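The sequence and the coordinates are shown first, and the description follows.

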Amino acid sequence: MKNFVLLLLFVLPLFVAAQDNWQVPTAEQEKLSPYVFDNDMVKDGEVLYENFCISCHGTVTKNNPIVFVPSPGDPASEKFQSQPDGSIFYKISNGRGGMPSFAPTLEEEEIWSLIGYFRNFNREYVQPEFDYGDEVLSELAMVLSYDPNVDKLVVKVTSNGEPKSGIQVGAAVKGLFGKFILGNVGTNEKGLAWFDVDRNMPGDEEGNLTVQVRAQEGYSIKKAEEKMQLVNPTERTNLIAGRHLWSKAIKAPIWLIVVFNLVISCIWGIIIYIIIGLFRLKKVS
Amino acid sequence: MAKVRNENTVLLSEEKIERDLLSNINWSNKFKIWFGFLTALLVVCLWFYVLQLRKGLGVTGMNDIVSWGIYISNFVFFIAAALIGMLISSVLGMIGYTWIKPISRIAEIIAVAFAMVAGIVIITDMGRPDRLHHVLLYGRIQSPIIWDISVVMTYLMLSLLLLYIPLIPDISLCKEKLTGLPKFQKKLYKVLSLGWAGNEAQYKTIKRYFKILLILIIPVALAIHTVTSWLFAMTLRTGWDSPIFGPYFVSGAFVAGCAAVLIAMYFIQKNYKLQAYITDMHFDRMAKLLVLVSLVYVYFNINEILVPAYKFKPSEVKHIGNLLYGHDSLLFWLVQGGGLIVPFMLLMIPKMRKPLPAMLISVVILVAAWFKRYVIVVPTQLEPYLPIQNVPESFHSYMPTLPEIAITVGTLVMVLMIISVLTKLFPVVPVWEMKEELLEEQHQ
């Protein structure tokens, strides 16, 4: 036992030192993102980062990861950014020691979006061109409409004017701080995908919602964002309108003003009556 | 009519009553020395107030965390002590207890003195007293502070009238009977007696007014201390956020008030030689009344402490712990045990209800009552819901400073001055009521 502890004492530092150098196979290093790191990609990455990574890696650029050996590091740091996209992809997918493996949890596209998010902090970074090879990227087009009979959002996907079937379409409603997913549906032979919409969702005064739709076939992605009249109009009330106990003096509740003044004037009325009576005391006989 | 006079009464006659009860109206040397002492003390305290006016509330121990210190505790105490007028004259008087007649004026004087100075105490807590009128100009009717100000003014007015109306016949008597008085005093009596002739109709009138006021003062007195309690209870703070704060404060007020009356009775009886009017019986009954109100107060205390202490809500753990066994526990147990439970138990022993012991016990109760207000006001503020962070070290606790203590003492001095002057200016025991009672007894 004692020997084992001693051994550990000697071996552990070596082990830790070895950990500093995280080798990634060359083939993996050269892997590139087939997706363009556009704004949407970066935003998706940010949400994922806040859900899965921030607890260990801290706020990006603040350099405040949790204390851990080896340190998780800040994704905006030189150590992170100097690596090729493929290395980062490999590390997130496979993990090591304290760094969990995210391949089972995240889609490849999601991991790429995380990398897109990290690269967003690096001004010098230029995304390398992905070689699509023989694959023909189809030009997808989408038309959004609303079917009031069934309360459904209808997305029609076409390519060169032809309806496309079997295409994965994701739809979501854009909110102030995130999105509300409507669903992920494949198109039918007419190129149509249907999404349930709850008419009680809060929209604006006219019942408009901003819908984000995304169709994907292979590496070919088409996104659309549209403001549509989908739900019941929301009646906005001014929160400080009306009379309240907590409001300004001139907005005091009527009942309070009435009760207060009634009580005070009754009592002071009696007081004044008595005082006047006292001044007339002389004449009483 | 209950027969409550002791055997001394038999020897009383109208002339003797007048002689006895008017004898205190003079500016004796003893009084001048006492008053001179109070004035000197007040001047010193005023000097500290000038200091506070010039330098601001920074001279006090209050800070961002504890923004209500001994000024507000003192205010609550004063309002409490002022409530006794209502209990004695009104509640007991209307039930038909005639034994309170000789001491009802003392109770009224105490009420007036404390209510008057309570208004001043509030001003001492203001950083910019020159903006006092802003309370009326910009105050919100929704705020308990506005209710408090209104009800304090109303109560003061009612108490003044309750003191003054039964005084009118006596003032007139002073005007006629007393000789060798300073000119201003004669003039004062003349103005205040309102052309009193002492006829039947006039007596009827003032008795009617008096009765109206006796009824009116009950809800107002309850309101004044309930609203004072709402200054605390209408917030969400631990230890204040309690629905029984109103009755809790009112019952506590009666304890403080009874004790104050007992103390005043003792010194008035001894100094003005009124043993024939303020008798052992009065001390005995007042002491019993004190036991009764103490019991009610103990009951509310048990509710106020035991209920949250049993539940130990996360937000209250620290506060209750502080009181029961933490930072403030010594003061807490001294006030609750030494200042409430032990005294009222002692008062249950007949011998302890004799004038001297009853007075001494009352002093303990009254002092404890003052500190009780401190225990209610201050510790709560040191347990805010958000942790106290990024503040100077001194903000983590509260300790009144010398100017603060001096100003508070100054307000107590003012109360003593008002009581002293009133008891020297007017008969402390209502002369005409004593005569009336004598007549009634002779009839029987």
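Between which two helices of chain A does the loop that holds A:Pro70 lie? A:Pro70 is found in the loop between helix H4 (54–57) and helix H5 (78–81) of chain A. The model described here is predicted. In it, the peptide bond from A:Val69 to A:Pro70 is cis, with omega near -5 degrees. Most peptide bonds are trans, and most residues other than glycine have a negative phi.

**Positive phi angles**

A:Asp151 is not a glycine, yet its phi is positive, at about 55 degrees. It belongs to the loop between strand S1 (140–147) and strand S2 (152–159) of chain A. With a relative accessible area of 27%, A:Asp151 is partly exposed. In chain B, B:Leu194 likewise has a positive phi of about 55 degrees without being a glycine. This residue lies in the loop between H9 and H10 of chain B. B:Leu194 counts as buried, because its relative accessibility is 14% and the cut-off for buried is under 20%.

B:Lys190 is part of helix H9 (residues 183–192) of chain B. Its relative accessible area is 57%, so B:Lys190 is exposed. B:Lys190 stands 16 residues from B:Cys174 in sequence, and their C-alpha atoms are 9.3 Å apart in space.

B:Leu323 is placed in helix H13 (residues 317–324) of chain B. This leucine is buried, with a relative accessible area of 6%. Along the chain, B:Leu323 and B:Val375 are 52 residues apart, while 8.3 Å separates their C-alpha atoms. When neighbours within four places in sequence are left aside, the residues in contact with B:Leu323 are B:Ile305, B:Asp328, B:Ser329, B:Phe332, B:Trp333, B:Val375 and B:Pro379.

Helix H3 (residues 70–82) of chain B has 13 residues and spans 18 Å from its first C-alpha to its last, close to the 18 Å expected at 1.5 Å a residue. Of these 13 residues, 13 are buried, so H3(B) is largely enclosed by the rest of the structure. Helix H15 (residues 355–381) of chain B has 27 residues and reaches 40 Å between its first and last C-alpha, close to the expected 39 Å. In H15(B), 20 of the 27 residues are buried, so this helix is also largely enclosed by the rest of the structure.

| Helix pair | Axis separation | Crossing angle |
|---|---|---|
| H3(B) and H5(B) | within 8 Å | roughly 160 degrees |
| H5(B) and H16(B) | 9 Å | about 150 degrees |
| H4(B) and H10(B) | within 9 Å | roughly 130 degrees |

The axes of H3(B) and H5(B) cross at roughly 160 degrees, and the two helices are therefore roughly antiparallel to each other. H3(B) passes H5(B) in a left-handed crossing. On the side of H3(B), the contact residues include B:Tyr71, B:Phe75 and B:Phe78, and among those of H5(B) are B:Ile110, B:Phe114 and B:Val121. By class, this contact of H3(B) with H5(B) comprises 16 nonpolar, two polar and no charged residues.

Helix H5 (residues 101–124) of chain B also packs with helix H16 (residues 402–425) of chain B, at an angle of about 150 degrees. H5(B) and H16(B) are therefore roughly antiparallel to each other. The crossing of H5(B) past H16(B) is right-handed. H5(B) contributes residues including B:Ile109, B:Ile110, B:Phe114 and B:Val121, and H16(B) contributes, among others, B:Ile407, B:Met414 and B:Leu422. The residues of the contact of H5(B) with H16(B) are 14 nonpolar, three polar and no charged.

Helix H4 (residues 84–95) of chain B and helix H10 (residues 200–233) of chain B have axes that cross at roughly 130 degrees. That angle makes H4(B) oblique to H10(B). H4(B) passes H10(B) in a left-handed crossing. The contact is made by B:Met86, B:Ser89, B:Ser90, B:Val91 and B:Met94 of H4(B), together with residues of H10(B) including B:Leu214, B:Ile218 and B:Leu222.

Key. Residues are numbered from 1 along each chain as its sequence is written. Chains are lettered from A and ligands numbered from 1 in the order in which they are written. This is a predicted model: local features need pLDDT of at least 70, side-chain atom pairs count only at pLDDT 80 or more; totals for chains, interfaces and linings use all residues. Side-chain values use heavy atoms; hydrogens and water are left out. Axes are lines fitted to C-alpha atoms, for helices over the stretch in contact, and angles run from 0 to 180 degrees between N-to-C directions. Helices (H or I, at least four residues) and strands (E, at least two) are DSSP runs, numbered from the N terminus. Angles under 35 degrees count as roughly parallel, over 145 as roughly antiparallel, 65 to 115 as roughly perpendicular and the rest as oblique. A crossing is left-handed if the near helix is turned anticlockwise from the far one by less than a right angle, and right-handed if clockwise. Contact means heavy atoms within 4.5 Å. Ala, Val, Leu, Ile, Met, Phe, Trp, Tyr, Cys and Pro count as nonpolar, Asp, Glu, Lys and Arg as charged, and the others, Gly among them, as polar. The expected span of a helix is 1.5 Å times one less than its number of residues. Buried means under 20% relative accessible area, exposed over 50%, partly exposed in between (1.4 Å probe, protein chains only).
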